[in-house]
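Subject: Handing over the structure

Hello,

Here is the structure I promised to pass on to you.

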Amino acid sequence: MSDSPGATPADAAGDLAGRHFVLGLTGGVACYKAAELTRELVKAGATVQVVMTEAAEQFITAVTMQALSNRAVYTSPWDARAPNNMAHINLTREADAVLVAPASADFIAKLAQGRADDLLSLACLARPIGRCALLVAPAMNREMWAHPATQRNVAQVVADGAVVLGPASGDQACGEVGDGRMLEPDEIRDDVIAFFQPKVLAGRKVLVTAGPTYEPIDPVRGVTNLSSGKMGFAIARAAAEAGAEVTLVAGPVALPTPRGVARLDVRTAQQMHDAVLPLAPGHDVFVATAAVADWRPAQAAERKLKKADGHDAPTIAMAANPDILAAVARLPNAPYCVGFAAESHDLAKHARDKRVRKGVPLVVGNLGPATFGRDDNTLLLVDAQGEREMGPGTKLALARALVREIAQRLPVKDTA
Ligand code: C5P
């Protein structure tokens with residue numbers, strides 16, 4: 001399992017169920033990552049038919065790719081296995097996408113020109129363009145990537161309908177550092193999963209808070225809670241997958257940032273408030289998933305409180321934290337606000353009360369002790385019309401369903 005910083009470790013099992021890919025490998029050191037990518041796609045439920053160019057075969061063997069994909073690899077347009085001898089046509093007829101990873105500079109040039117002198121470029125050109133996507137993950141030296149010819153070719157393949165994944169920046173096999181590295185396999189997997197999600201929030205800006213807050217008592221102690229941040233991170237990911245521009249304001253959690261999400265880390269409720277309030281008016285949606293501490297020690301001690309023999313435990317005076325959600329909801333140009341209610345009992349009643357008290361159109365209730373730290377949850381959606389249960393399910397599946405519910409409730413965007 002790779003551990004690239006941008007990828008979500010959440011189990012992608014089933015996210016690509018029923019999808020079929022032609023995975024094209026072209027010449028490049030990044031071919032070694034295509035082996036892991038095949039595993040990731042298969043683990044996510046996809047079927048994968050590997051096609052390799054002659055140059056790709058210099059970097060990794062068809063034996064490895066066959067074993068990982070569980071299908072014989074295609075390398076030649078003259079492969080007589082297909083009864084009609086037309087592998088270049090047959091290959092894409094059942095495919096949801098051709099994914100070229102790694103895509104060399106030369107192969108992108110071929111795509112840009114519509115050339116078809118090997119099986120993979122033939123298959124790309126012969127694919128049913130309306131129902132079989134072309135996803136391209138470039139991998140090359142930074143000078144090759146930055147060259148005007150490559151940039152021209154990339155712009156052309158995008159204009160022709162291809163989707164370019166990456167490239168990433170960093171250490172390159174040649175020893176140089178810069179743009180052109182292929183994305184890591186789990187990043188490509190997550191981008192591919194996102195590609196197939198309905199773009200119900202395209203053109204929208206979504207602000208999400210997530211995780212607990214931490215309110216210091218002294219430099220080594222503090223008040224916090226058991227929120228893991230998983231639900232909020234799943235919502236940020238689902239909103240980004242749905243095409244939104246997402247900002248995630250996160251309390252102290254050790255979770256990776258979902259792909260394509262801008263993240264701001266904060267510690268205290270006051271910091272979260274100060275980060276969120278100026279951002280909120282520029283957003284269409286605000287989802288307050290964070291478990292914000294209601295109170296903080298009124299005065300955090302500058303030095304560690306010491307335990308003096310024979311003395312009673314200290315009494316810590318508490319002060320109320322600002323209510324971020326209520327403050328955002330009161331803004332004159334408030335985004336569509338979604339609150340969360342983590343309760344231990346009487347969920348529906350508390351969620352209904354909270355919706356009115358905070359002045360927000362939608363509150364999502366969940367049972368805190370049953371879901372804190374877990375990957376699954378059950379949600380109760382409470383709005384002016386009534387309430388509806390969603391789940392149980394994984395937090396990511398529920399987040400995607402919630403994003404669709406939110407999208408349906410948004411006012412039509414004035415594009416004039
Ligand atoms: O007030 P209570 O904590 O019960 O409400 C929970 C909802 O309000 C959540 O959406 C939470 O993110 C938000 N909240 C907030 N600021 C606070 C307390 C809660 O934004 N200080």
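Below are some notes on the ligand site and the strands.

First, the ground rules. This is a predicted model, where local features need pLDDT of at least 70, side-chain atom pairs count only at pLDDT 80 or more, and totals for chains, interfaces and linings use all residues. Residues are numbered from 1 along each chain as its sequence is written, and side-chain values use heavy atoms, with hydrogens and water left out.

**The ligand site**

The ligand sits in the largest pocket. A pocket here is an open set of points on a 1 Å grid over the protein atoms alone, with protein on both sides within 12 Å along at least five of seven lines; to sit in it, a molecule needs more than half of its atoms within 2 Å of its grid points. The residues around the ligand (one heavy atom within 4 Å) include Ala288, Asp294, Asp323, Gly339 and Phe340. At least two residues of this shell come from each of α11 (324–330), β16 and α12 (347–358). Helices (H or I, at least four residues) and strands (E, at least two) are DSSP runs, numbered from the N terminus.

A polar side-chain atom of Lys354 is 2.4 Å from a ligand oxygen, and one of Lys358 is 2.7 Å from a ligand oxygen. Leu325 contributes a polar backbone atom, 2.8 Å from an oxygen of the ligand. On its own the ligand has 440 Å² of accessible area (Shrake-Rupley method, 1.4 Å probe), and the protein covers 87% of it.

**The strands**

Strand β8 (residues 205–210) runs parallel to β13, joined by four bridges, and Thr209 has Ala288 as its bridge partner. Four bridges also link β13 to the parallel strand β16 (residues 336–343), where Phe286 is partnered with Cys337.

Inside it, β3 (residues 97–103) and β4 (residues 133–138) pair over five bridges, with Ala97 partnered by Ala133.

Best wishes

Note on methods: Two strands pair if DSSP finds at least two bridges between them. A polar contact is a pair of N or O atoms within 3.5 Å; within protein, one must be able to donate a hydrogen and the other to accept it, and residues adjacent in sequence count only if both atoms are side-chain atoms. On a 1 Å grid over the protein atoms alone, a cavity is a set of points where a 1.4 Å probe fits but cannot get out, and a pocket is an open set with protein on both sides within 12 Å along at least five of seven lines; lining residues have an atom within 4 Å of a point.
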